[in-house]
Amino acid sequence: MSLNRRTFLKAGAIVAAASALPRPLMAQFGDAPEPIPPIDDPRLKDLTARALDAARAAGAKYTDVRLTHTRTRRFFPLFTFDEESIEVGVRSLVDGYWGFASGPVWSPDEMARLGRESVHQAKANALGGTRVVELAPAPVVHSGNWTTPVQIDPFEISPLETQDFLASLDIYVQRVPGSSTQQNQAIGETQAKAFASTNGSYFAQRSYRMEGVLAIAMRLTKPRKEGGLGLGCLTPSALGWELYSAAKLPLVREHSIYEEIRRGMEETRERLMLPVKPVEVGRYDAVLDARTVATLLDVTIGRATEIDRSLGYEANAGGTSYLNDPLAMLGSFAMGAPTLTVTADRSVPGACATVQWDDEGVEPDNFTLVKDGILADFQTTRESASWLADYYGKTRSRMHSHGCASAPSAMHAPLQQPPNLTLTPGREPLDFDGLVKGMDKGIAINAAQLDMDFQAASGLGTGAIFEVKQGKIVAALESAGFLFRATELWKALHAIGGGVGSRRYGMSTQKGEPASTSYHSVTAPPAIVNQLTLVDPLRKA
Amino acid sequence: MSAWNDRPRRLIDVDRILSAEECESIAHRVFAFARGDGETKIRLTSWWNGELRWARNRVSLASDRRDLRLQIWRDVGVGRGNVETNQLDDASLEAAVRGAERSARLSPLVRRPPEIMPPFPAFAQPKTTIWADATYGATAETRGEIARAMIAPAEKKGLLSAGYLEMRAGSLVARSSLREAGTYAPWDVPYVQWTQAQCSMTVRDAKGAGSGWAGLSNFDWSKIDAGALATRALEKCVASQNPVALEPGRYTVILEPQAVADLVEIIVESMNRDSAESGRGPWPLAQDEVLRLWRTKLGLKVIDERISIEHDPSDPALGILPEPWMKPITWFDHGVLSSLSFDREYALTMLNENNARRGMIGYRMTGGETSTDEMIRTTVRGLLVTRFSNIRMLEDRSLLATGLTRDGLWLIEHGKITKAVKNLRFTESPLFVLNSVDQLGVPVPVFRPVRSPYATELTPAIVPPLKSRDFSFTSMIDAI
Amino acid sequence: MTATVLRATVSSRWHLAAMLALAVVAVAAPAQTSFQWPDTTAPVSSYTQVDECLAAIARVRAAKERQDAADWTDTLPFDRQAMLRPALPAVTEIATKCAARFTEPTTNLADFSRLLPLYLAASRDSDAARLVARRIAAIPATNALARASVADSAFDAYIHARPARFGAAEDILVHRAHSSANRLERMTIYNTLMRATRDAGDSVRARRAARWLIAVADSLTREERESETFQRMEDDAGGRYVVYEAVSVLAGSGAILDSLRKSTAALVALERATWTNATGERPEALPIPLGKQAPPITADFWFPGDAARTPRPTRGHVSLVLFIDAAECMLNGTTEDAARGCAAPLVNARRLVERSPEVELTIVAQTHGFFMYLQPMSPADEAELIRQWLDTYHIPRMAIAVTSTPNWRLPAPDSRRVNKPTANDINYAFDKTWKTGNQSLFLFDQQGILVNAWHYQEMADYIDVLLHRTTEAN
């Protein structure tokens with residue numbers, strides 16, 4: 001094993017991973033099984049072709065197939081666990097109906113079976129009323145190849161080194177007497193995927209994702225106070241081990257992780273020393289930290305602009321959207337203040353939804369969801385883009401999928417999932433402290449936890465809420481929460497922090513039936529909203 | 001046989017899930033690959049799902065999916081390591097065993113087999129199974145027919161329906177190399193297989209001015225009347241159109257069984273001795289300084305005396321996944337807290353019993369005879385709730401929680417439903433609700449499907465409707 | 001001396017290392033093929049954070065301890081020199097490599113608490129001294145409290161380094177002594193130094209520390225003597241006990257053995273006089289049941305069946321009585337985390353008995369209504385299983401006394417079992433003056449008088465004296 005920690009993987013090239021596990025996982029190409037090759041091996045293309053052929057022969061109008069090889073590594077200070085699996089899934093379209101079949105075996109026979117089964121599933125429903133599916137065009141991808149650019153492949157680094165690093169975080173935390181870590185672990189996932197469709201597209205794509213948890217408990221003695229904190233720089237990211245080891249990560253942390261811990265513990269100590277006041281219900285101007293803004297953005301605008309949700313495709317699960325008439329609302333609905341602009345992408349390096357091609361073979365584009373406060377677009381896939389055909393026609397823009405199709409592995413059919421979101425920062429270089437300084441009277445909210453309703457229209461927030469007086473945080477508010485309506489909140493946007501205060505957080509979404517999980521990142525600056533309703537969430541009627 | 005084992009294992013031309021014989025063979029192959037002494041253990045689950053989802057009155061996706069998960073533990077020296085994979089051919093198994101051994105060598109814990117291993121108690125085979133051919137045998141065509149039958153009435157009325165049908169089967173076994181097939185330590189899992197089905201439907205009007213829902217889950221598809229569910233969802237949608245705003249406050253509520261189950265879900269998490277005897281959660285009573293332990297509310301009446309919550313693992317109508325040595329459990333006996341869950345070690349040391357007691361994973365709640373109509377008739381002013389959604393617990397000592405009503409909320413005035421009402425947010429504790437009960441109805445099965453294909457605990461519930469006083473609604477929401 | 005049962009918790013490595021240190025001695029493991037030890041070539045030279053270096057050192061130490069635990073270390077006696085043994089080469093290597101990037105005087109003083117142990121692990125003692133001096137100098141002399149705090153952490157690092165740096169620890173104490181710090185704190189520090197040096201066999205330093213301790217103790221005010229800190233010293237044994245130990249150290253272990261050689265009464269008189277000397281109290285106030293008569297051991301089940309033909313401990317024999325609670329020694333319910341929590345006292349007892357065939361050993365055990373994963377279990381069946389379990393330790397001429405533990409149950413549905421003390425628990429508490437529990441060990445002379453119940457490591461010496469005395473003095 002090389003002692004060189006840095007394994008640079010250039011975008012566009014796939015490097016076969018040196019085996020960390022004794023080699024497992026077999027595929028069958030001909031008569032005998034053999035160890036699965038790197039994802040860009042041409043024999044995998046032949047396998048996918050079997051599935052496409054079988055589906056076509058059975059009557060499919062369109063078919064796509066995904067092969068995935070997924071490795072997960074769980075990092076702890078004292079040990080490391082590995083999981084590994086392979087999956088294959090085939091999706092077919094017959095007379096406007098989709099069918100899907102998946103399983104864990106890579107072999108020619110299985111490809112054919114899944115191809116036939118996906119058509120069988122579709123046909124069993126094509127007996128119903130007509131269903132029209134218009135797929136937005138997707139350029140053919142000819143033998144594409146892409147890898148998430150990471151600095152340190154978490155599967156190539158010695159488990160002893162990662163254990164030492166995580167253990168050192170425990171040791172570092174203990175520098176402060178009375179402090180200890182309650183939870184300290186990380187997860188890394190890499191997935192190699194091969195995609196083929198009856199359009200003629202074929203590509204191999206390899207993604208990385210890392211996330212971690214570091215929860216610290218602090219016990220002060222003079223005075224006797226207990227509190228804790230969780231490190232916010234470890235949310236999911238499309239990064240390698242550098243999530244932990246890098247000296248700094250743009251938009252994630254400005255310092256080393258040790259320095260982040262030190263600052264976080266110092267801030268927690270200061271906050272614990274604050275006097276505690278009961279909450280006085282009422283309306284207050286509120287400084288929201290970047291994490292709160294990101295979360296608010298995600299669960300309101302992020303959810304509401306999922307076109308499938310808007311049109312009732314999630315009605316039996318997560319719910320619908322307050323943007324319930326997309327065609328009428330596009331271009332005119334006031335989502336928020338004129339200073340609000342929200343963009344979407346699947347291209348920002350380090351953000352979780354970033355890919356070269358989505359799970360339908362579409363190269364995602366950057367697009368604007370909210371422009372100067374007005375609803376500008378929705379998140380779309382090839383099928384759902386066509387639901388907005390009239391709008392695209394009216395605005396004379398090309399009808400195309402924004403590339404939001406995503407499946408956690410080939411075991412699941414692709415589903416429309418959120419892309420990365422960004423709230424455009426303001427011009428003034430104001431960070432959270434800067435916004436607080438400028439507030440004469442109000443509240444400040446850190447790391448809010450939000451409970452939304454099933455239309456993403458309104459919600460209850462709880463979190464660390466403080467009283468602000470004359471530019472300073474002066475007290476902690478005990479058991480405080482806030483109620484808000486999505487559109488009211490964004491319309492009450494008073495000030496948006498500058499880029500210097502923007503931070504990126506990885507979020508996970510569970511959607512669909514059966515439930516399907518995806519990851520995306522939200523980047524937002526801190527902000528001030530006016531007249532937020534403060535409540536005591538524990539008070540009964 | 002070896003040629004068969006060479007190939008990537010095919011789940012197709014045999015059953016969709018692994019049989020007991022197949023699992024036993026896999027176990028032996030894994031054990032055979034082990035190097036060195038030391039125990040080898042496996043936990044092998046396999047699952048198959050047949051799914052159908054629809055929205056806007058048309059099926060959006062129908063699927064057949066299957067997978068498996070094999071976890072392998074190896075003891076090497078004083079360490080234990082494990083890996084997880086989903087491949088069953090020889091090469092993959094051997095490599096996985098090597099991986100587990102490597103992980104064992106890095107294990108930080110010192111663990112060794114005990115000095116003696118007295119023979120295990122005789123294995124008590126559970127008498128019931130929760131396998132239904134009706135579920136396993138349902139084809140894609142069957143699901144398609146069912147969906148079309150459910151959609152048609154809603155479509156005819158110009159409404160939009162969305163829904164989900166799922167039939168699934170699974171198997172599980174946990175075996176150790178230290179024991180021959182047929183001999184089980186209490187923590188092994190003898191091979192078990194099960195089925196589970198769920199059916200749910202939401203009907204909304206095109207403008208989103210009303211929404212109705214109905215759903216049910218059961219291991220036996222034949223016990224689910226899809227037509228009845230579709231009718232109910234449709235009726236609720238129609239009746240919930242154009243709801244009006246209502247001042248939040250304290251109301252008498254009539255909770256349909258689903259709503260009751262949604263609230264009781266909050267209690268489920270709290271039902272363990274470990275928390276209670278550490279002073280956490282709703283069940284500690286006081287610290288006993290002399291005995292140096294926490295006294296709990298076990299034995300005290302904590303909810304209405306008409307309510308008992310229990311399960312009998314051999315009750316086929318309930319459908320709990322059977323485990324050896326499981327006994328019937330009563331958690332609440334006529335209002336008295338009677339049982340909290342505990343693990344095997346606690347059972348042996350603290351209670352001199354030989355088995356763990358599980359928490360309220362699947363349960364049956366007693367009720368009464370009062371029909372929902374009768375409850376409405378006898379209400380001067382109150383609200384009828386279909387179900388709750390987006391629930392979060394706020395405080396674990398009182399189980400105070402917040403959440404939203406969904407898919408139908410109606411105002412009752414002078415014994416009649418008078419209007420559909422906009423959804424409300426509640427801030428209330430299920431313990432308070434179960435202590436303020438006026439009337440109880442006949443218990444029925446409710447919708448409580450398992451979330452993950454790898455979950456091995458099925459969670460059926462049989463719950464009555466009830467009327468309760470002074471239920472706290474704290475704000476109004478616009479979402480329908 | 002309570003049983004340390006290892007549980008599978010994901011806890012800080014420091015805690016784990018401490019726990020592992022206790023579980024070393026084992027019985028023979030079944031024959032195994034050998035296996036490679038983990039790769040210790042993580043790229044420590046490129047670690048930039050001191051805490052990472054300490055993590056790597058702890059990992060390598062723990063790996064070595066696991067290796068020891070796996071080996072058949074049945075014959076190793078308690079190693080008095082453990083603290084002074086040279087560091088493991090693997091540890092020094094890791095520490096040296098990792099510490100290479102840190103040089104005095106350019107390091108960041110904020111890393112002091114982590115750099116110091118790293119320097120010591122890398123055998124860079126002069127750098128360690130330089131760092132300590134720099135750290136203290138960075139605090140204004142007027143802030144005596146802060147300086148004392150730094151001196152305390154330096155002292156800790158020196159004592160816990162391997163090998164322990166007693167000389168440097170002493171030097172720091174001199175620094176410390178000049179500050180007008182808390183007298184009780186100083187007493188605690190002197191006690192730590194005294195115990196560590198005494199256990200390591202460094203009697204010169206131990207006596208010096210004992211002298212300092214006694215001097216501080218003599219200067220305590222009444223308030224300080226009655227304070228909670230004083231009462232809770234040395235794991236609740238109390239400050240008086242600490243002073244008594246210091247006086248014993250000054251006298252030297254030779255003096256105690258000499259008095260025992262004369263007679264048991266002489267030993268008792270010496271220990272009581274030491275107590276008076278240390279605390280000013282009456283000799284009879286010695287909180288150790290020294291000189292008391294051995295209570296007869298009672299049991300519901302004896303193994304072998306005729307072991308109690310005459311009451312035990314048997315007159316005319318040097319007797320060891322060892323309390324072992326099988327249920328506490330094993331994790332119950334599953335074998336998932338089974339660990340030999342009581343191997344150490346059992347192997348120790350076996351060693352003492354093998355060494356001196358004239359010594360009689362009785363193991364006192366009790367039933368709990370289950371055994372490992374088995375329940376229901378009658379007291380007779382449980383006793384039999386306890387016997388089978390103890391048999392695996394191959395202790396010659398062992399007799400086992402098993403009592404069915406009296407108990408009651410909280411009312412249903414709580415039904416928790418509450419144990420009551422057995423007759424042996426009560427009797428061997430010697431009128432509630434002694435805390436008996438799992439792994440308690442008692443040594444009685446041929447007249448059945450208690451001579452030792454607390455100096456586990458010195459039992460062999462005491463036994464030699466008693467037997468030799470028997471041969472000569474009859």
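Two strands are said to pair if DSSP finds at least two bridges between them, and the strands themselves (E, at least two residues), like helices (H or I, at least four), are DSSP runs numbered from the N terminus. With that in hand, we can start with a sheet in chain A. Six of its strands form an open sheet with mixed pairing, in the order E14-E13-E12-E17-E24-E23. Its edge strands are strand E14 (374-375) and strand E23 (503-511) of chain A, each of which pairs on one side only.

Before going further, a word on what you are looking at. This is a predicted model, in which local features need pLDDT of at least 70 and side-chain atom pairs count only at pLDDT 80 or more, while totals for chains, interfaces and linings use all residues. Residues are numbered from 1 along each chain as its sequence is written, chains are lettered from A and ligands numbered from 1 in the order in which they are written, and side-chain values use heavy atoms, with hydrogens and water left out.

Back in the chain A sheet, strand E17 (residues 420-423) and strand E24 (residues 516-524) of chain A run parallel and are joined by two bridges.

E11(A) pairs with strand E25 (residues 527-535) of chain A in the antiparallel sense, over six bridges. Here Gly282(A) stands opposite Leu534(A) in E25(A). E11(A) is also joined to strand E18 (residues 441-452) of chain A, this time in parallel and by three bridges. In that pairing Val287(A) has Ala444(A) of E18(A) as its bridge partner.

Now move to chain B. An open sheet of six strands is found here too, with mixed pairing and the order E12-E11-E10-E13-E20-E19 (chain B). Strand E12 (336-337) and strand E19 (444-445) of chain B stand at its edges with a single partner strand each, so one side of each is left without a neighbour in the sheet. The partner of E12(B) is strand E11 (residues 329-333) of chain B, which runs antiparallel to E12(B) and is joined to it by two bridges. Look for Phe332(B), which stands opposite Leu337(B) in E12(B).

Stepping back, chain B is divided into domain 1 (3-204) and domain 2 (243-480), with bounds that come from an automatic or database domain assignment. The C-alpha centres of these two domains of chain B lie 30 Å apart. Where they are in contact (heavy atoms within 4.5 Å), domain 1 of chain B gives 30 residues and domain 2 of chain B gives 22. Together they bury about 2,200 Å², 65% of it on carbon and sulfur atoms; buried area is the accessible area (1.4 Å probe) that two parts lose on being put together, summed over both. Thr128(B), Ile130(B) and Arg168(B) supply 24% of the area that domain 1 of chain B buries against domain 2 of chain B, more than any other three residues. Between these domains there are zero salt bridges, a salt bridge being a side-chain nitrogen of Lys or Arg within 4 Å of a carboxyl oxygen of Asp or Glu.

Finally, how do the two chains meet? Here 80 residues of chain B are in contact with 81 residues of chain A. The area buried between chain B and chain A is about 6,500 Å², and carbon and sulfur atoms give 53% of it. Arg53(B), Arg65(B) and Arg392(B) supply 10% of the area that chain B buries against chain A, more than any other three residues. Across this interface the rule finds five salt bridges. In a salt bridge between the chains, the side chain of Arg392(B) meets that of Asp451(A) (2.6 Å, N to O). Strand E2 (residues 58-76) of chain B provides 10 residues, the largest share of the side of chain B that touches chain A.
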